[in-house]
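Thanks for asking me to look this over.

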Amino acid sequence: MSSIDHFWAAIPAGGAGTRLWPLSRSSAPKFLHDLRGEGRTLLQETYDRLAPLADERVVVITGQAHREAVLGQLSELGPDSVIAEPSARDSMAAIGLAAALLERSDPDAVMGSFAADHVITDPELFAEAVRRAVEVARDDWLVTLGIEPTFPSSAFGYVHVGEPLAAHPGAAVVAEFVEKPSVATAEAYLETGRYRWNAGMFVVRPSVLLDLLRRWHPEFAQTLRAIAADPDRLDELWPALPKIALDHAVAEPAADAGRVAVVPSSFHWEDIGDFDALATLLDQTGIPVSVLGDAGSVLGVDSTGLVVPGSGRVVAVVGLDDVVVVDTPDALLVTTRARAQEVKQVVAALKESGRSDLT
C-alpha cells in the first residue's frame, strides 16, 4: 500500500470515556486500553491503519497528562509529533492547532482527523475511502467520511447525503448534519438510503479548515494561527480558546453554506461508547459471557453479558442475563447492558463527592 503525497494524519486523543468507568478514567482514558483483546490499544490500532497512508506524517494531539503514555505506546513517533494541549478545549481547538501548524510547515498538506478511540476492522476499505476523500479535499472541500448505518442508532449523529459531486465519483455534497435522533427518526433516515452515521472523521486542507473557522469564529482562527507562528505562546493563548467541537464550529455551518462533501463508506466502524457497545464488539457465538482480560478469572453459570476482570480475584456470575461486571483494584461496577449509558452518572456523582481519585 503506497502512501498519499502530502497527506498528514492527525489523531485527537482526548476524552475520559466516562461511560466506560472504572476501566477508563481521566488518568488512563479508553484510547490507551486494549479493548479488543488483540494486544494493541485503540491508539496503537489507529496509528497502524494510518501509518501506511501517511508514512511518518502522523501527529497526535493529546492532553499534557497523557503525552508520555502516548509516546510510550507509539515509539515510532518523535517527541515533536505529539502535541500536548495545556487543557481540554474540545475537538476544534485540538484539530485546529494541528491544522495551523501544518499550514506553515507544508503548504500542500491535506490533513485527515481520526479519533484515537474508534475501532475499524476493514483497513483496506478504510484506506480506499481516505484516498478518495483526499482527492476531494484537494479541491478545497471539507470532506467527511459517512459510515453506512447497520441499525437505526439514536446514539450517533447523521450526515444527510445530497447531490453527487460531478468531478468526484463516489462523493456527494452534504445536505446537512443532524443531531442524534430518536430511534423512530433514525428508522426513517435508513429507509431513505440518504443518511450516513457521522463518525467525526474529516479530511481537509489546513488553510481551508482555518479559513472556514475564520468565517464564523474569526478570533478563534486568529489565535490558532498566532500560536502556530510562535509556539512559545501556547500556554499564554490556549486558555482563551472556546470549548467547542469541530462539528458545531465549522462542519454544520459550512454544510449549510454548501462547502462540505461526504464520501459514503462501507467499512466496519465501532465507537465503543459504553459497555453495551463493548459487549457487542467482543460477542462470540456460543460463549454466553464475553470476557475482556483473563478468561480463567471468570466463572459464568446460566448467565450472559460482559465481565472485565482486573483485580486479581475470581469473578463469578450466576443466573444473570446481559450483566456487566467490571472489577478493578479500587472500584467495582455492576450494571446491565441496557443501563450501560448511565455509568457516566456514577462518574459525575464521584466528582461531586470529591472522589476525583476514582475518576
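1. Ground rules. This is a predicted model, in which local features need pLDDT of at least 70 and side-chain atom pairs count only at pLDDT 80 or more, while totals for chains, interfaces and linings use all residues. Residues are numbered from 1 along each chain as its sequence is written, and side-chain values use heavy atoms, with hydrogens and water left out.

2. UniProt, in an unreviewed entry, lists "domain: Nucleotidyl transferase" for residues 12–280; positions follow the numbering used here, feature names are shortened, and annotations may be inferred rather than shown by experiment. That span is 39% helix and 22% strand, and its end C-alpha atoms lie 25 Å apart. Helices (H or I, at least four residues) and strands (E, at least two) are DSSP runs, numbered from the N terminus. The unreviewed entry also gives "domain: MannoseP isomerase/GMP-like beta-helix" for residues 296–350. Here the span is 15% helix and 40% strand, with end C-alpha atoms 31 Å apart.

3. The second largest pocket. About 370 Å³ of space lies in this pocket. Its lining counts 19 residues, and the closest to the centre are Val59, Asp80, Ser81, Ile83 and Leu101. On a 1 Å grid over the protein atoms alone, a pocket is an open set of points with protein on both sides within 12 Å along at least five of seven lines, a cavity is a set where a 1.4 Å probe fits but cannot get out, and lining residues have an atom within 4 Å of a point. Grid points are joined across faces, edges and corners, and a volume is the space filled by probe spheres set on the points.

4. Who builds that lining? Strand S3 (82–85), helix H3 (91–105) and helix H7 (218–229) each supply at least two residues, and H3 gives the most, with 6. By class, the lining has 14 nonpolar, 2 polar and 3 charged residues. Ala, Val, Leu, Ile, Met, Phe, Trp, Tyr, Cys and Pro count as nonpolar, Asp, Glu, Lys and Arg as charged, and the others, Gly among them, as polar.

5. The cavity. The structure holds 1 cavity of 30 Å³ or more. The largest cavity has a volume of about 40 Å³, and its lining includes Trp21, Arg25, Val347 and Lys351. That lining has 3 nonpolar, 4 polar and 2 charged residues.

6. Gln73. This residue sits in helix H2 (residues 67–73) and counts as buried because its relative accessibility is 18%; buried means under 20% relative accessible area, exposed over 50%, and partly exposed in between (1.4 Å probe, protein chains only).

7. His33. Look for His33 in the loop between strand S1 (7–13) and helix H1 (42–54). A polar atom of the His33 side chain lies 3.1 Å from the backbone oxygen of Leu23, and one lies 2.9 Å from that of Ala28.

8. Asp271. Strand S11 (residues 269–271) holds Asp271, which is partly exposed with a relative accessible area of 23%.

Technical notes: Polar contact = N/O pair within 3.5 Å; in protein donor to acceptor, adjacent residues only side chain to side chain.
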